[in-house]
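Visitor: I have a model open and would like to talk it through with you. Could we start with a single residue and then widen the view?

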Amino acid sequence: MKKLASLTLAGLCLASPLTLAGGKGGTELALANYAGLGLVAAKGFPLQIEFLAANGLQTYGELELGFGFGDNLALGAEVSAGLLFGLDKGLSAYGSLGPALGFGNDASFGLGAEIGLNLDVNKSSIFIEVGRHPASDYFAVGLRF
């Protein structure tokens, strides 16, 4: 039942029309070591914070789901706010922080966080991300499309 719920939540997350995952436009989907082999999926929305935008920083909000199938199922969900930093043409870094829920052997509430690097390729981005949900710490490599 937990696997079905996890896959349903990931499907709903991916079906949302409003996106800005990892500070960039598109849907984020990654293979991750999330308490075993897992998946991280995210959808986002723009946040307009004037004093940060005036200094050239892009702000965004994000809903992120992660789950993994190891010895036990681990599931995490996070709602966060983040910053995107342009480093060079086609290269950017991002970080976000927010409240998160984790479900594994038991349910827990805590702080979720992530940092990552975007490499723009054509109209997509390859990203590398490390993060933390109460259910699991993770390392993910994925595609934003």
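Visitor: Where does Thr-59 lie?

Guide: This is a predicted model, and in it Thr-59 belongs to strand β3, which covers residues 58-69.

Visitor: Is Thr-59 buried or exposed?

Guide: Thr-59 counts as buried because its relative accessible area is 7%, and the cut-off for that class is under 20%.

Visitor: And what does the side chain of Thr-59 reach?

Guide: The side chain of Thr-59 comes to 2.3 Å from the backbone oxygen of Leu-47. As for the strand on that side, β2 spans residues 37-47.

Visitor: OK, zooming out, how many helices and strands does the protein chain have?

Guide: There are two helices and eight strands in the protein chain, and, read from the N terminus, the order of elements is α-β-β-α-β-β-β-β-β-β.

Visitor: What do the eight strands form?

Guide: They make a closed barrel that runs β1-β2-β3-β4-β5-β6-β7-β8, and the pairing is antiparallel. From one strand to the next, the twist averages 25°.

Visitor: How many bridges join β1 to β2?

Guide: Six bridges join strand β1, residues 28-33, to strand β2, residues 37-47, and the two run antiparallel. One of the residues involved is Asn-33, whose bridge partner in β2 is Leu-37. In general, strands of a sheet pair through backbone hydrogen bonds, in either a parallel or an antiparallel way.

Visitor: Changing topic, how many salt bridges does a search of the whole structure find?

Guide: The search of the whole structure finds one salt bridge, in which the side chains of Asp-137 and Arg-132 meet at 3.6 Å, N to O. As a general point, side chains of opposite charge can pair when their charged atoms come close.

Visitor: Last one: what share of the contacts comes from residues 24 or more positions apart?

Guide: Taking the contacts in the protein chain with a separation of 6 or more, residues 24 or more positions apart account for 51%.

Key. Residues numbered from 1 in each chain as written. Predicted model: local features only at pLDDT ≥ 70, side-chain atom pairs only at ≥ 80, totals over all residues. Heavy atoms only, no water. Helix = DSSP H or I, 4+ residues; strand = E, 2+ residues; numbered from the N terminus. Buried < 20%, exposed > 50% of the residue type's maximum accessible area, 1.4 Å probe, protein only. Polar contact = N/O pair within 3.5 Å; in protein donor to acceptor, adjacent residues only side chain to side chain. Contact = heavy atoms within 4.5 Å. Salt bridge = Lys/Arg side-chain N within 4 Å of Asp/Glu carboxyl O. Pairing = 2+ DSSP bridges. Axes fitted to C-alpha atoms, helices over the stretch in contact; angles between N-to-C directions.
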